[in-house]
Structures are given as C-alpha cells and as structure tokens.
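Hello,

Here is the structure I promised to hand over. Have a look at it first, and then read my notes below.

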Amino acid sequence: MDSREQQIIDSWQERARAYQELTDRWSIFGRLAERLIDLLPSPLEGPLIDLAAGAGLLSARLLHRHPQAQVYLVEPAEAMLELAVRRVGSRSIGHARVSAAQVDRVPLRAGAVLCSAAAHLVDENEVFPSVASVLQPGGRFIFNLWWHSWESTVHIDPGPRWRALLEQDLSELGESATLPAPTRPRIRTRHGFSQAGQRAGLDMIHTQTDTDRLPLAFFLDFTAMASDFLADLSPARRAVVLRTARARANAEVSIQTTRFVLQKRAARP
Ligand SMILES: C[S@@+](CC[C@H](N)C(=O)[O-])C[C@H]1O[C@@H](n2cnc3c(N)ncnc32)[C@H](O)[C@@H]1O
C-alpha cells in the first residue's frame with residue numbers, strides 16, 4: 001500500500017465516529033446504499049461483500065431488506081470496522097481489515113461485491129482485478145461514484161457556494177481562519193473503467209445516474225468532519241462559525257451520483 005492510500009485510510013480512521021453521525025443526519029448516504037442494493041440480482045446467490053464498509057451502513061440496509069443474505073465486511077480503517085462490526089457483526093458471516101485492493105485475501109467466492117461512497121478513494125486498476133478474483137463467474141461488482149469523480153458530472157461544483165457562506169460568517173464574526181483547500185479528485189472515465197474492467201475480466205453491463213437535491217449545510221457538515229477544519233480557531237469559536245453558517249445554508253444544490261454494475265465473465269466451457 002502506498003503512503004497516499006494509507007493517508008486516506010488514516011483520515012477515515014480519525015473521522016469514523018463523525019462519519020457515522022453524518023450518515024445518521026443526512027439520508028443521502030442511505031439512499032446511495034439502497035440504490036446499489038436495488039441492483040442486486042434476484043434471487044440473491046452466494047455471499048456478498050460490503051467493500052469499504054465504513055460503519056456498516058450498506059450492510060445494515062442490506063440485511064434489513066434481505067435478512068437471509070450472507071454479508072462479509074471489508075474495511076481497512078480499524079475504528080470504522082469496529083463500528084460496522086458493532087452494528088451488524090453478529091448478523092455477518094465475517095470481516096477483514098484490508099484495503100479494497102487486498103479483497104482477494106478474503107476466503108470466499110462472492111455472488112456480488114457492493115461498494116458505496118468509496119470508489120473515488122481507490123484505484124480501479126488495482127481494485128478491479130482483486131474484486132474479480134473474489135467474484136464467482138457471473139458475479140457482479142456494484143458501486144457508485146460521487147459527481148466530482150465522474151467525467152459526465154464533474155461540472156457540478158457546490159464548493160464556491162458553501163465556501164462563500166463560511167467566508168461571510170468569518171468576516172461578520174470578526175474571525176480569520178484558513179478555509180480547507182479545495183480537493184481535486186481524479187476524474188474517472190467510461191473508457192478508463194471499461195479498459196480496467198476488460199483487463200480484469202469484468203464487463204460493464206449497466207450505468208445509471210441519479211439526481212438528488214442537498215442543502216449547502218450538507219457540504220459544511222461533511223467538511224467540518226476533518227480534524228483540521230478551521231483549526232486556527234478555538235473549538236468554541238469554530239462551533240459558533242459553523243452554527244452560524246449552517247443556519248444560513250438552506251439553499252439547495254442538485255448533485256448527481258452514478259451507479260455501475262460490472263459482471264465477471266462466465267468461465268469458458
Ligand atoms: C465515505 S466512507 C463510505 C463507507 C460506507 N461504504 C458507507 O456507505 O457509509 C469511505 C470508506 O472507504 C474506506 N476506504 C478508504 N480508502 C480505502 C481503501 N483503499 N480500500 C478500502 N476502503 C477504503 C474508508 O476507511 C471509509 O470507511
């Protein structure tokens with residue numbers, strides 16, 4: 001694992017509890033997970049892997065809808081995995097603290113691998129082959145991507161709007177603080193996914209883009225999870241700035257997420 005990948009995992013390790021609270025507060029995460037579950041084949045065959053399982057949101061939804069499903073949790077951040085195991089551990093068939101590229105170490109052959117809100121954090125050239133090797137022939141890799149990491153939706157940029165709100169509040173409250181630097185995720189393309197899929201023996205059989213409206217407060221809450229959020233301010237002042245900005249952040253933004261289904265080629269007779 002390279003240091004960049006480890007840094008990303010560490011950043012989720014430290015935000016684990018904050019992330020679970022965020023997903024409790026904002027239904028978008030549950031909706032994204034539900035939409036992936038909608039794409040599972042019926043009847044469900046074989047074990048399912050929840051890849052980058054986080055605090056277990058997708059697995060919990062899956063087991064609610066399919067109580068007989070055999071779910072295996074894969075998540076590299078220990079604090080996240082602990083939350084997931086606490087949430088669904090007794091109803092899962094196991095778990096492993098490994099990265100997505102190491103999912104081939106999991107000792108089972110899955111009917112499907114699901115991955116919600118995390119594909120932008122990993123490299124498809126490493127993850128697709130590893131996923132392919134844990135899938136049964138005909139098995140499916142079902143995942144989604146936020147707008148910022150997909151070529152067709154990357155034009156959506158709520159950043160300037162929520163940043164302007166924070167700047168306005170800092171100025172009105174007489175505070176000065178460094179705003180978090182804009183992040184520039186790598187943009188995935190249909191061509192890149194198809195090529196990486198072909199090399200791994202996975203055919204892209206479905207894509208679908210969904211639209212949701214989110215108030216600007218969502219983006220403030222997401223950003224505020226980071227431990228260095230407005231780190232120049234005392235915790236009390238930071239809380240005041242965030243509260244004031246949130247109170248004004250009712251304007252809604254349309255965002256888009258895209259779902260993908262890749263199918264492992266059946267073995268030749
Ligand atoms: C936004 S959370 C999504 C969690 C969960 N899938 C959900 O829908 O709530 C992103 C998760 O990806 C995990 N992650 C980060 N880098 C990863 C990697 N290289 N391999 C697997 N998971 C990774 C993080 O630890 C975190 O739990």
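Let's start with the ligand: helix 1 gives the most to the shell around it, with 4 residues. Helices (H or I, at least four residues) and strands (E, at least two) are DSSP runs, numbered from the N terminus. Please keep in mind that this is a predicted model, where local features need pLDDT of at least 70, side-chain atom pairs count only at pLDDT 80 or more, and totals for chains, interfaces and linings use all residues. Residues are numbered from 1 along each chain as its sequence is written.

There are 23 residues around the ligand, and Trp12, Ala52, Gly54, Ala100 and Ala118 come nearest (a residue is near a molecule or strand if its C-beta atom, placed from the backbone, lies within 6 Å of it). Two or more residues of the shell come from each of helix 1 (3-14), helix 3 (28-38) and helix 4 (57-65). By class, the shell has 17 nonpolar, 4 polar and 2 charged residues. Here Ala, Val, Leu, Ile, Met, Phe, Trp, Tyr, Cys and Pro count as nonpolar, Asp, Glu, Lys and Arg as charged, and the others, Gly among them, as polar.

Now for the sheet. In what order do the 7 strands lie? They form an open sheet in the order 3-2-1-4-5-7-6, with mixed pairing (two strands pair if DSSP finds at least two bridges between them). Strand 3 (94-96) and strand 6 (202-215) are the edge strands, each pairing on one side only. Strand 1 (residues 48-51) pairs with strand 4 (residues 110-115) in the parallel sense over 3 bridges, and Asp50 has Leu114 in strand 4 as its bridge partner.

Happy exploring!
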